[in-house]
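User: I am new to this structure and would like to go through it step by step. May I begin with the strands and then move on to the contacts between chains?

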Protein chains: 4
Amino acid sequence: MATLPRVTVWNEFRHEKTDRLVASVYPDGIHEAIAAALRAKGLSVRTAWLDQPEHGLTTEVLANTDVLFWWGHMAHEEVNDEIVERVHARILEGMGLVVLHSGHFSKIFRKLMGTTCNLKWREIGEKERLWVIDPAHPIAAGLGEYIELAHEEMYGEHFGIPAPEELVFISWFQGGEVFRSGCCYHRGNGRVFYFRPGHETLPTYHQPDIQQVLYNAALWANPSSGPTVNYGHFPTPIENVTIAE
Amino acid sequence: MATLPRVTVWNEFRHEKTDRLVASVYPDGIHEAIAAALRAKGLSVRTAWLDQPEHGLTTEVLANTDVLFWWGHMAHEEVNDEIVERVHARILEGMGLVVLHSGHFSKIFRKLMGTTCNLKWREIGEKERLWVIDPAHPIAAGLGEYIELAHEEMYGEHFGIPAPEELVFISWFQGGEVFRSGCCYHRGNGRVFYFRPGHETLPTYHQPDIQQVLYNAALWANPSSGPTVNYGHFPTPIENVTIAE
Amino acid sequence: MATLPRVTVWNEFRHEKTDRLVASVYPDGIHEAIAAALRAKGLSVRTAWLDQPEHGLTTEVLANTDVLFWWGHMAHEEVNDEIVERVHARILEGMGLVVLHSGHFSKIFRKLMGTTCNLKWREIGEKERLWVIDPAHPIAAGLGEYIELAHEEMYGEHFGIPAPEELVFISWFQGGEVFRSGCCYHRGNGRVFYFRPGHETLPTYHQPDIQQVLYNAALWANPSSGPTVNYGHFPTPIENVTIAE
Amino acid sequence: MATLPRVTVWNEFRHEKTDRLVASVYPDGIHEAIAAALRAKGLSVRTAWLDQPEHGLTTEVLANTDVLFWWGHMAHEEVNDEIVERVHARILEGMGLVVLHSGHFSKIFRKLMGTTCNLKWREIGEKERLWVIDPAHPIAAGLGEYIELAHEEMYGEHFGIPAPEELVFISWFQGGEVFRSGCCYHRGNGRVFYFRPGHETLPTYHQPDIQQVLYNAALWANPSSGPTVNYGHFPTPIENVTIAE
């Protein structure tokens, strides 16, 4: 049976240093709130952030990461392209990726999706309700029929992504919009999950059912030892081939 | 983390009693060969077959089964409709189902798919090669790029099923056909996997990489404790609703 | 280029005869309202209903129908099983099917889906907004970002269907629910579309953007002359096969 | 009903000028062979190639193109990044894209897919057989159960792409490999089709059933006038929102 994933939670970690409201909600940073929740459920978790050397995502860190969580917002453009390529290659090799909230506009997510990843947004603290659409999905384990968030930023459709291979959650918003809020993809040997909630000024990541989803996502994205695929020119024919005239 | 699934392997168990060749390949029945392979990997497995009372699939057995394997061929029509309904309901409730080879024509698989599940077939013992199409999929764990079977019955497209939600294997056949050989579906709270190989006169289920797939499929189909979904008339509005004129 | 589909609109046609409110909204029956809308856009449309001989769905009618629309509600169980089998076979052969609103519980839809097709419902006339999720889809042609219905019956998730192969609409409801409201499937050579709105007491089918969806669905479900697939035992090998020992 | 698409066939157009064998098969270039086939079926087609100013893909040309075909191989890296961005934006806006054969490694296809798009290849002129997997798909219109190509270059799995939203063809190769050869995607308002065959030294694009697929693909990828989606900050709530404490 699969062993538990070694998780790295990456956070931009800028809002927390410049905005008192954010700092009051996440005093040690969003990454530490998420890491603490995953550790409490038994996972081994390290953290990394933008202002570390190589953004904390050295080749060695990535080689020892099974699932990478990604929260970013105001500084997407400061993420070095070389590091993005490194993370991308590691995902195709098998590392799982869980992209959170405003990470929809991160370089790595846009590169993986091939689309704009654009959407509508509004921060008036309205109510959100995430309905479980696929109760058979492992990311829905341990949940009720829906998750309710009393106050969240709204993200509205159209969401400029490829159709999810598995759609786990659809959000209802008080202001009249809907959103595909839990989206699964396979890319190479790696698994990618996008999870919508998590505005920096709101205590979303402190809520137990949200933490359950983060934990479920880590298990789901945990690589299994799939085949090493071979590419290139040219494989010897496996069968004897006689070419007809 | 999820516990290991309790498996029940169901087999029609008729060929083995009437055909010496089949009996020589599977002296204790196909079900015992599969059960032994799964037990050797640490799973708890019971077996059941057609000629038992209630085909061995009592309400109690199903209630204590996390994943049901199904091999049938010559006696699909002898399976009682009431038992089929019982199995169907239990799958929608969460039990996993792994349908093997000629089980494509079983009542339970046709009912779940809603289509003919028809195909082409030919038993001349030609070579089959199952290519892994989705290396990120948990059912591909521990495999190489392909599985080769020196001799198998051919199943050829078109296969009359709904497009698989996740397609894990595509088979190449010596005679010139291809086939979608590893097909995943979610149905209600349950997960369904169809796996093509396993002709009764051939030692397919004794081959280690095939046994690896069966084990992976058991883990994949193992239910997580997803939400209990509610249906019917009529749910109190969650929000205050004022009806406009 | 494809020719225009010949449409048959099937309606249970019972509510209209027994309920004054329904009769006031659809004086000639729901089928005639839909037929008129499609005819106004240039399609050739006939109608059929439950109380006709063979429910109006003779072999000859079906043979001359490219796309069948289906509205039913209170009398699903009165639909003859033999006719359901006939319609099912004709769909797999290529005829398109557009299932409307309470048709989710019809025998033909449940048979095609293989699941309960269950859901939550509430008739307080609340507001519904159908968001276009896939703007590239032909069924979204000519629409705005969403369709708004001032008053509709609510259908809420979980909707007990297989994950749609293409999801075109997601509904927002005033009472706090969401719903997958435009769902595409391929079954055999046929195409199937489920479209949620259309409560019998409400003028939904008189609304122009709803009529646009019905027209788009007729074009989308219109069969192209796909291959005649062959099944059975046993096809001569296309390639020369030498069986290895 | 939809009007016919205005097609632009783009070709690298280098092999034809430097390799006598290629020039003998496609004396006016691959683009003219494809354009002639589409014109013969009634479509309006222009051509463009790498060595034209702006690679022949000016803003004006793209604005007047409904479906763009793309054949490239030896000079992918010479395609200007700015033009790739322009084509990408136009696809998300609604233009269809049909990527042919070695175009799997083009900048535009890799950008749209977000993956390596890598594969195995071998040019010994072996036999290929493309089986129709989805007979209900419009791209399969007018075909038989399979297309046979007496001599083609082999492309083998694993193919490093996202799982196709609709899989139309699977190829069988004489040397023992299989390949997903007809792959459909929606990206923004645009539709993308990848079609495998078409090695430059072989007369694949002169074969009638291959031409039928190219024509079907042009019709399938032809944009319908889907909604103009709006993005950004911040949309006025559609509903009255009272924020609870």
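User: How many bridges join strand 3 of chain B to strand 4 of chain B?

Analyst: In this predicted model, five bridges join the two strands, which run parallel. Within that pairing, Phe69(B) stands opposite Val98(B) of strand 4. Between strand 3 and strand 4 of chain B the chain passes through helix 5 (residues 81–93), and this β-α-β crossover is right-handed.

User: And what joins strand 1 of chain B to strand 3 of chain B?

Analyst: Five bridges join them, and these two strands run parallel. Thr8(B) has Leu68(B) in strand 3 as its bridge partner.

User: Is strand 3 of chain B largely enclosed or open, and why?

Analyst: Strand 3 of chain B is largely enclosed by the rest of the structure, because five of its five residues are buried. Both faces are covered: Val67(B), Phe69(B) and Trp71(B) lie on one side, with Leu68(B) and Trp70(B) on the other.

User: Which residues of helix 3 of chain B are buried?

Analyst: Helix 3 of chain B spans residues 30–40, and its buried residues are Ile30(B), His31(B), Ala33(B), Ile34(B), Ala35(B), Ala37(B) and Leu38(B).

User: What covers those buried residues of helix 3 of chain B?

Analyst: The cover includes strands 1, 2, 3 and 4 of chain B, together with helix 1 (15–18) and helix 7 (208–221). After helix 3 comes Gly42(B), which has a positive phi near 105 degrees.

User: What area do chain C and chain B bury between them?

Analyst: They bury about 3600 Å², with 62% of it on carbon and sulfur atoms. In this interface, 45 residues of chain C are in contact with 45 residues of chain B. Zero salt bridges are found across it.

User: How many residues of chain D are in contact with chain B?

Analyst: Here 19 residues of chain D are in contact with 19 residues of chain B. The buried area is about 1600 Å², and carbon and sulfur atoms give 67% of it. On the chain D side, Trp131(D), Trp172(D) and Val178(D) lose the most area, together 33% of what that side buries.

User: How many salt bridges are there between chain D and chain B?

Analyst: The count is two. Lys120(D) forms a salt bridge with Glu145(B), where the closest N and O atoms are 2.9 Å apart.

User: What about salt bridges inside a chain: which residue does Glu148(B) meet?

Analyst: Its side chain meets that of Arg129(B), at 3.1 Å from N to O. Glu148(B) is in strand 6 and Arg129(B) in strand 5 of chain B, 19 residues apart. Glu148(B) counts as partly exposed at 32% relative accessibility, whereas Arg129(B) is buried at 0%.

User: Are Glu128(C) and Arg196(C) buried or exposed?

Analyst: Both residues are buried. Their side chains meet in a salt bridge of 2.6 Å, N to O. Glu128(C) belongs to strand 5 of chain C, and Arg196(C) to the loop between strand 9 and helix 7, 68 residues apart.

Technical notes. Residues are numbered from 1 along each chain as its sequence is written. Chains are lettered from A and ligands numbered from 1 in the order in which they are written. This is a predicted model: local features need pLDDT of at least 70, side-chain atom pairs count only at pLDDT 80 or more; totals for chains, interfaces and linings use all residues. Side-chain values use heavy atoms; hydrogens and water are left out. Buried means under 20% relative accessible area, exposed over 50%, partly exposed in between (1.4 Å probe, protein chains only). Helices (H or I, at least four residues) and strands (E, at least two) are DSSP runs, numbered from the N terminus. Contact means heavy atoms within 4.5 Å. Two strands pair if DSSP finds at least two bridges between them. A crossover is right-handed if, with the strands pointing away from the viewer, the path from the first strand over the helix to the second runs clockwise. Buried area is the accessible area (1.4 Å probe) that two parts lose on being put together, summed over both. A salt bridge is a side-chain nitrogen of Lys or Arg within 4 Å of a carboxyl oxygen of Asp or Glu.
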